[in-house]
Amino acid sequence: MSRSIRAITAAVAALLLVTSCNSAANSGSSGKAGSGAVRGVTDDSVKVGGIVSMTTSTGYSKKDTDLGARARFDRANAEGGVGGRTIDYLGAEDDGQDPAKNLAAARKLVQQDQVFAVAPMSSTTFSGADFLQQQKVPTFGWGTLPSFCGPSYLYGFGGCMVPTPGGTISQTWPEGLKKVMGGSEGRSVAILANDSDAGTFAIRTYKQSFLSAGYEVTYAKPAVPAGSVPSDWSAYTKEILRSDGGKAPDAVVSVMQTPYNIGLFTAVKRTGYRGVLSDPTDYDPALLAKDATEKALDGVHVLTQFQPFEQDSADMRRFRADIRKAAGKDVQLNMHMMTGYMSADLFLAIAAKAGRNLTVESFQKAAKGFSDTGTLVGDRAEPKGQKESFGCGALVRLKDGKYVVSASFTCYSPIPFT
């Protein structure tokens, strides 16, 4: 893995963007197993664990990813498990969004807990990626990190969201905004990201994506310090809002996490800006608990790469019911729950195809010819998903304290990454 990809993976970023050791453990060894000493597999169970950023320095948390995974595994067990085995889900290790802790969590799950698979892996850092790949541990998460794109044992539940040489770029975001803005012809966009390797990569990617969709990109910079939310946004807003020949662009797109978006959008709105605001992060009803946060995010169009919770479909109704049962009460749905749920779901779907004779080799063989249709993330296929995104998504807009669908869930053809 190249130095640049390692740096990208370790940096903080919101959706897209956000690796390194070896060990004596080996995927074919360990513990009691009913099918030839396969790590984490016994006659009646399969052991799975997760890695999630539950605590971070900025207060941003993905803790509900663990609930989402547990909800999906609970349903699988209630339905008889997979291949006659129940899923022994150990829960998720908290990596604190720290590269060292991420690798330590991966080592613990494999060497100490002896898991067959890691699902979910949800963090903006994935320094444990090389270790899990070397140890042949099937690992599932949101493919917004470069590590999910290429390695044979790592799977993004929506495919590879981060372009790699010879790969593709998903057009879900710019195409969705076309529905909001009435097309891209004559429309200008400013894109802002964190000042990090991940942010630089995000800008390169989305600049190409929006240009290909027909927009004029008037500003595209990884300018905001990573790890510290600015208290004064005026330097950024002045440059952005004069980027279109001295006037404001038609849309301001942020590729950053929630605390940054709150600051940026608040500052932009105070200038009287009336254009479109969009990000890939802030689809979470819990954010509305504070009046200031709700005000900052009101009107923002948020990219989702799964069916919106507001969509009434059989799969969405089942997702709601599974989450409610696992939580033991009604809870507000959020994208972290979906991340955990669909990471678990993809693991279960491939494991079901592998059948009773579950080994790492049989699992990988099943993955190579796996496909299904009409899921909460669209049509899935492997190994396609290790090279490109499944290309599906929607936009939701926060309006008067509630999310509404502003661009319906649709699948779009990707474009080549250059």
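## Strands E4 and E5

In this predicted model, strand E4, covering residues 139-141, pairs with E5 in the parallel sense over 3 bridges.

## The whole sheet

Now zoom out from that pair. E4 and E5 belong to an open sheet of 5 strands with parallel pairing, and the order across the sheet is E2-E1-E3-E4-E5. Strands of a sheet pair through backbone hydrogen bonds, either parallel or antiparallel.

Which strands stand at the edges? They are E2 (86-94) and E5 (154-156). Each of these has a single partner strand, so one side of each is left without a neighbour in the sheet. If you follow the sheet from strand to strand, neighbours are turned by 20° against each other on average, with direction ignored.

## A helix across the strands

Next, look for helix H3, made of residues 99-112. It lies across three strands: E1 (45-52), E2 and E3 (117-122). Relative to E1, helix H3 runs at about 170°.

Finally, turn to helix H2 (residues 64-78) and helix H10 (residues 314-327). Their axes come within 8 Å and cross at roughly 100°. Angles of 65 to 115 degrees count as roughly perpendicular, so H2 is roughly perpendicular to H10.

Which residues meet here? From H2 come Leu67, Gly68, Ala71, Asp74 and Arg75, while H10 brings Arg318, Asp322, Ile323, Ala326 and Ala327. Sorted by class, this contact has 5 nonpolar, 1 polar and 4 charged residues.

Notes. Residues numbered from 1 in each chain as written. Predicted model: local features only at pLDDT ≥ 70, side-chain atom pairs only at ≥ 80, totals over all residues. Heavy atoms only, no water. Axes fitted to C-alpha atoms, helices over the stretch in contact; angles between N-to-C directions. Helix = DSSP H or I, 4+ residues; strand = E, 2+ residues; numbered from the N terminus. Parallel < 35°, antiparallel > 145°, perpendicular 65-115°, else oblique. Contact = heavy atoms within 4.5 Å. Nonpolar A, V, L, I, M, F, W, Y, C, P; charged D, E, K, R; others polar. Pairing = 2+ DSSP bridges.
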